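Open the model in your viewer and keep the selection tool at hand. This tour goes from the whole chain to a sheet, then to a bond and a single side chain.

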Amino acid sequence: QVQLVESGGGLVQAGGSVRLSCIVRGTIFSINAMDWYRQAPGKQRELVAGIGSSGRTNYADSVKGRFTISRDNTKNTVYLQMNSLKPEDTAVYYCNTSPTQGYWGQGTQVTVSS
């Protein structure tokens with residue numbers, strides 16, 4: 001079974017930065033496309049950013065120019081660098097393969113204060 005372990009969240013002021021990490025175990029990481037999602041209180045989970053096995057990236061309009069997804073295949077890890085954070089970025093952030101595994105890790109909470 002694929003294991004997804006997110007980390008790096010915390011409390012940050014608006015305009016600040018946070019870097020999230022997701023370690024993936026139980027699969028050949030390098031061949032998997034990976035996505036970051038987030039779920040804010042009372043809202044549905046939404047796709048934030050994705051990165052293909054070739055390194056090609058895509059972003060939700062709401063985070064373009066502020067967030068950067070990257071991967072290190074030697075560490076089986078995908079990252080999400082989040083800059084210029086806004087209070088509306090407050091959410092639990094999850095990573096998953098693309099397509100998803102059908103289950104989720106514990107996620108990591110990011111709280112942006114105004």
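## The whole chain

Start with the surface: the protein chain exposes about 5900 Å², and carbon and sulfur atoms supply 46% of that area. Keep in mind that this is a predicted model.

Now switch to a C-alpha trace. Along the principal axes, the C-alpha atoms fill a box of roughly 40 × 25 × 20 Å. The radius of gyration is 13 Å, which agrees with the value near 13 Å for a compact globule of 114 residues.

Colour by burial next. Of the 114 residues, 42% count as buried. Then draw the contacts. Among those with a separation of 6 or more, 53% join residues 24 or more positions apart.

Switch to cartoon. What does the secondary structure come to? The protein chain has zero helices and ten strands. From the N terminus on, the elements run β-β-β-β-β-β-β-β-β-β.

## The four-stranded sheet

Select β1, β3, β8 and β7. In that order they make an open sheet of four strands, with antiparallel pairing. Look at the edges: β1 (3–7) and β7 (67–72) each have a single partner strand, so one side of each is left without a neighbour in the sheet. From one strand to the next, the twist averages 15°.

Now walk across the sheet, pair by pair.

- **β1 and β3.** This antiparallel pair is held over five bridges. Pick V5 and look across to β3: its bridge partner there is I23.
- **β3 and β8.** These strands pair in the antiparallel sense over six bridges. Pick C22 and find V78 of β8 opposite.
- **β8 and β7.** Here too the sense is antiparallel, over six bridges.

## The disulfide

Stay on C22 and show side chains. How many disulfides does a search of the whole structure find? It finds one. This disulfide joins C22 to C95, with an S to S distance of 1.8 Å.

Which parts of the chain does the pair tie together? C22 lies in strand β3 (residues 18–25) and C95 in strand β9 (residues 91–98), so the bond links parts that are 73 residues apart in sequence. A disulfide is a covalent bond between the sulfur atoms of two cysteines.

The torsion about the bond of C22 and C95 is about 40°, so the disulfide is right-handed. Are these two cysteines buried or exposed? Both C22 and C95 are buried.

## Tyrosine 79

Return to the sheet and select Y79. Its place is in strand β8 (residues 77–82). Why does Y79 count as buried? Its relative accessibility is 10%, and buried means under 20%, so Y79 falls in that class.

Which residues does Y79 touch, leaving aside its neighbours within four places in sequence? They are R19, L20, S21, W36, T68, I69, S70 and D72. Among these contacts, R19, L20 and S21 fall within the 18–25 range of β3. T68, I69, S70 and D72 fall within the 67–72 range of β7.

Finish with a distance. Pick the C-alpha atoms of Y79 and R19: they are separated by 6.9 Å. Along the chain, the two residues are 60 residues apart.

Conventions. Residues numbered from 1 in each chain as written. Predicted model: local features only at pLDDT ≥ 70, side-chain atom pairs only at ≥ 80, totals over all residues. Heavy atoms only, no water. Helix = DSSP H or I, 4+ residues; strand = E, 2+ residues; numbered from the N terminus. Buried < 20%, exposed > 50% of the residue type's maximum accessible area, 1.4 Å probe, protein only. Contact = heavy atoms within 4.5 Å. Disulfide = S-S within 2.5 Å. Pairing = 2+ DSSP bridges. Axes fitted to C-alpha atoms, helices over the stretch in contact; angles between N-to-C directions. Rg over C-alpha atoms; globule rule 2.2 N^0.38 Å. Areas by Shrake-Rupley, 256 points an atom, 1.4 Å probe, with all protein chains shown as cover.
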